[in-house]
Amino acid sequence: MHPKSNMAAGEQMIKHLYDAVRRSKYWDNVYDSILGVASNLITDSLCSLIIINFDEHGGFADYVPPPVNVPRPEDGIAFDGESEGRPVTYDFTRLGVRVPAFIISPYIEPNTLIHNDGTNYANNSAYTHTSMLHFLQELWELEGLNNRVQWAKTFEHVFSDTKREDTPKTLSTPIWYGDSWEPKPEPFYLLNQNEDYYANRP
């Protein structure tokens with residue numbers, strides 16, 4: 001889904017992943033371990049949670065100013081040099097523009113939007129890409145990775161104790177739009193098929 005690539009290929013990959021997890025035996029077991037974040041009753045049940053995170057904002061302007069006074073990385077990394085002929089100093093204490101993320105589970109209510117709500121670990125905690133790492137750290141009671149992970153907000157509050165029965169069994173097939181020179185994305189191989197399905201695959 002990066003600029004100059006065909007977005008249908010990225011959407012097709014998401015469909016491939018969702019459809020495989022949705023029809024697997026792990027779909028219904030997702031809640032057993034997630035509940036442990038709030039109750040400290042972490043189980044050993046096999047489970048799945050789909051998180052789709054983007055690292056680009058698509059080039060669109062964001063009216064929300066990026067958070068500042070973010071903890072500086074413990075390794076002291078900084079940039080001091082030139083950018084387009086101008087001197088630049090950057091200490092990584094400010095975040096960038098917002099990017100979207102999807103958290104997919106049958107134990108999340110439909111139309112749930114996470115904005116500022118969540119578990120704070122500092123007065124100015126915010127969601128970052130490391131929120132996923134912090135969530136897993138709390139879930140499995142792991143040792144803290146670094147100060148930026150410890151600072152990031154987590155999202156365990158979105159899970160309910162009631163399993164939804166209306167989740168789609170499969171996602172729609174992406175529609176490819178493009179010029180004749182742009183190659184149409186190849187279909188992904190299906191998962192959980194019989195052995196003969198894969199026999200003649202390259």
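In which helix is Val149 found? I looked this up and found Val149 in helix α5, residues 147–151.

**Ground rules**

I noted that this is a predicted model, in which local features need pLDDT of at least 70 and side-chain atom pairs count only at pLDDT 80 or more, while totals for chains, interfaces and linings use all residues. Residues are numbered from 1 along each chain as its sequence is written, and side-chain values use heavy atoms, with hydrogens and water left out.

**Overall layout**

I recorded 6 helices and 4 strands for the chain. Helices (H or I, at least four residues) and strands (E, at least two) are DSSP runs, numbered from the N terminus. Along the sequence I read the pattern α-α-α-β-β-β-β-α-α-α. Of the 202 residues, 27% count as buried. I used buried for under 20% relative accessible area, exposed for over 50% and partly exposed for values in between, with a 1.4 Å probe and protein chains only.

The accessible surface of the chain comes to about 14300 Å², and 54% of this belongs to carbon and sulfur atoms. Accessible areas come from the Shrake-Rupley method with a 1.4 Å probe, and for residues only the protein chains shown count as cover. I then turned to contacts, meaning heavy atoms within 4.5 Å. Among contacts between residues at least 6 apart in sequence, 70% join residues at least 24 apart.

I returned to Val149, which is buried with a relative accessible area of 2%. Leaving aside neighbours within four places in sequence, Val149 is in contact with Thr130, Leu133, His134 and Gln137. Val149 and His129 are 20 residues apart in sequence, and their C-alpha atoms are 8.9 Å apart in space.

Which residues of helix α4 are buried? For this helix, residues 131–139, I listed Ser131, Met132, His134, Phe135, Gln137 and Leu139. Glu141 follows α4 and has a positive phi, near 55°.

**Asn124**

I placed Asn124 in the loop between β4 and α4. At 31% relative accessibility, Asn124 counts as partly exposed. Setting aside neighbours within four places in sequence, I found Asn124 in contact with Val68, Asn69, Val70 and Trp151. Asn124 and Val68 are 56 residues apart in sequence, with 8.9 Å from C-alpha to C-alpha.

**Aromatic rings**

How many aromatic pairs does the structure hold? I counted 5 aromatic pairs. Rings of Phe, Tyr and Trp (its six-membered ring) pair if their centres lie within 6.5 Å; planes under 30 degrees apart count as stacked, over 60 as edge-to-face and the rest as tilted. Phe54 lies in the loop between β1 (50–53) and β2 (79–83), and Phe102 in strand β4 (residues 101–104), so the pair ties together parts that are 48 residues apart in sequence. Phe102 counts as partly exposed, at 45% relative accessibility.

I also noted one aromatic cluster formed by Phe135, Phe155 and Phe159. Of these, I had already listed Phe135 among the buried residues of α4.

Arg98 lies over the face of Tyr63, 5.5 Å from the ring centre. The criterion is NZ of Lys or CZ of Arg within 6 Å of the ring centre and within 35 degrees of the ring normal.

**Salt bridges**

I found 4 salt bridges in the structure. The term stands for a side-chain nitrogen of Lys or Arg within 4 Å of a carboxyl oxygen of Asp or Glu.

- Asp19 and Lys15 meet in a salt bridge at 2.7 Å, N to O. Being 4 residues apart in helix α1 (residues 7–22), the two are separated by about one helical turn. Asp19 is buried at 9% relative accessible area, and Lys15 is buried at 16%.
- Glu165 forms a salt bridge with Lys163, with the closest N and O atoms 3.5 Å apart.
- Arg164 forms a salt bridge with Asp166, with the closest N and O atoms 2.9 Å apart.
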